[in-house]
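Q: I would like to learn how to read a model like this one, feature by feature. Could we look at it together?

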Amino acid sequence: MEWVLLTASDQLHEAFGEFVAAIQAAERSVRASPTFVGEGEQSRGYQHLLRTLMKSVERELTHDPVRPRFRVLDDRVRTGGDNPDQQYWFAHIEPGGRYRVVGRLGSAKRLEMQLYSREPYGAEDVGVSYLTHEEISFDTDGRFTVELGPSLAFDSAGATILQVREIYDSWFETVASELVIELIGAPGPPQPRSVDEVTAMFARAAHDLERSAEAWPNLIADRVLRFLEPNSVAPLRNPGGSAGVEGRWMTIGPYRLDGSDAAVVVSLCDIGAEYVGIQLADLWMSSLEYADASSSRTGAQSHRAPDGRMYHVISLEDPGYQNWLDPVGVATGIVHVRIDGLTGVAEPWHEPTLTQTTTAQLEDIIPGYRQGVLSPDGRTIELAQRRRHIQKRYGR
């Protein structure tokens, strides 16, 4: 056997070729997905591929556990069941490293931190440690400092990723938060990345791309569409054992609108909850448009009926009711509910209910329906406010 020593150029060319091969493999997995059926889902499947590619490349360009900086999963990169009410911050860290996070809470209602042993794909249990909003000390201006490291209260032993979630309940007054992270005792200025380091970047990006591209649509196909009928949801569950957040109750289910006059009414209860959120997503686990459309709502954004519950309407056309969830033309998708801060366990009355109906029958199904009807300019004002909030929150 003759051994050939690769030059730096050859090594980089080979690494890039493997990354291109990963893009092609990710495309094949998208096309092979059970959700890749029909023109609309095929288009959204390729959008899922592009968003995943963007995330994987950005992930590597910011990958420096010694000099970490936060990257944000925003409205360009809608993957993994992203919640429109949450701003997600990610930073790579070294196992055994000690870090300091310094920030100032803006208009978000809650902030929480979670450590992962690696990137969570689907519902895998890769959580290491979790810090609740109540465990973070904020001063009167919303400033805070959190240290993480081995044997600290926020123990980072075995962790490689820090995720910070900000939760926005109201979108009316938007003040962006400040957040920085630093390695305590970090070395001096960085050196140019070596050929081996750039090669490793391509390898990690390839792995992340392939896993992300297939994990989320497979989760929907295997754990939602296989077991749930259209226009139903699973019982509320605490996802803390599968890379989720302790104390957050969630449920998910498929919706289907058969015709322009079809409607699905989702009834929610927020008794004792710090936050309630409902959103629509596509079958690729990507949130639907939420800046220029009302595809999501929080408890603060929702009208309450005389019985104290919130009734949200999923329909292709605007019924004029305040709690409309606009599917932006996506007739088949996912409805996702999150409830934070319940004391104890979820009770039967907390369980969401779904009712399949038509827009003409909404007044017969929703108590006090007329009290929730918007003024002629109501939707225009609401959408303008949503658009402003998202631009302010993401700084653009």
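A: Gladly, and let us begin with a definition: helices (H or I, at least four residues) and strands (E, at least two) are DSSP runs, numbered from the N terminus. This is a predicted model, in which local features need pLDDT of at least 70 and side-chain atom pairs count only at pLDDT 80 or more, while totals for chains, interfaces and linings use all residues. Residues are numbered from 1 along each chain as its sequence is written, and side-chain values use heavy atoms, with hydrogens and water left out.

Q: How many helices and strands does the protein chain have, and what does the radius of gyration say about its overall form?
A: The protein chain has 5 helices and 16 strands. The radius of gyration is taken over C-alpha atoms, and the globule rule is 2.2 Å times the number of residues to the power 0.38. Here the radius is 22 Å, close to the 21 Å that the rule gives for 396 residues, so the chain is as compact as a globular protein of that length. Along its principal axes, the C-alpha trace spans about 80 × 55 × 35 Å.

Q: What span is expected for helix H1, and what does H1 reach?
A: The expected span of a helix is 1.5 Å times one less than its number of residues. H1 covers residues 8-32, which is 25 residues, and reaches 36 Å from its first C-alpha to its last, close to the expected 36 Å.

Q: Which residues of H1 are buried, and what do they pack against?
A: An α-helix has 3.6 residues a turn, so residues three or four places apart point the same way. Buried means under 20% relative accessible area, exposed over 50%, and partly exposed in between (1.4 Å probe, protein chains only). In H1 the buried residues are Ala-15, Phe-19, Ala-22, Ala-25, Ala-26, Ser-29 and Val-30. Their packing partners are helix H2 (39-61) and helix H3 (195-225), where contact means heavy atoms within 4.5 Å.

Q: How is a nonpolar core read, and which residues have the most contacts inside the largest one?
A: A nonpolar core is a set of buried Ala, Val, Leu, Ile, Met, Phe, Trp, Tyr and Cys residues joined through side-chain atoms within 4.5 Å. The largest has 30 residues, and Phe-70, Val-101, Met-113 and Leu-162 have the most contacts inside it. At least two of its residues come from each of strands E2 (86-92), E3 (99-104), E4 (110-116), E6 (143-148), E7 (161-167) and E8 (178-183). Another core, of 21 residues, lies apart from it and includes Val-233, Leu-257, Val-266 and Ile-314. Leaving out residues up to four places away in sequence, the contacts of Phe-70 include Trp-89, Val-101, Leu-162 and Ile-181.

Q: In what order do the strands of the open sheet with E10 run?
A: The order of its 4 strands is E14-E13-E10-E16, with mixed pairing. Strand E14 (324-325) and strand E16 (353-358) stand at the edges with a single partner strand each, so one side of each is left without a neighbour in the sheet. Within the sheet, E10 (262-268) and E13 (310-315) run antiparallel, joined by 6 bridges, and Ala-263 stands opposite Ser-315 in E13.

Q: Where are the residues with positive phi, Ser-151 and Val-328?
A: Most residues other than glycine have a negative phi. Ser-151, with a phi of about 70 degrees, is in the loop between E6 and E7 and is exposed at 70% relative accessible area. Val-328, with phi near 45 degrees, lies in the loop between E14 and E15 and is partly exposed at 37%.

Q: Is Val-330 buried or exposed?
A: Val-330 is buried, with a relative accessible area of 4%, and is found in the loop between E14 and strand E15 (332-340). Leaving aside neighbours within four places in sequence, Val-330 is in contact with Arg-44, Tyr-255, Leu-288 and Leu-316. Val-330 and Tyr-255 are 75 residues apart along the chain, with their C-alpha atoms separated by 9.9 Å.

Definitions and conventions: Two strands pair if DSSP finds at least two bridges between them.
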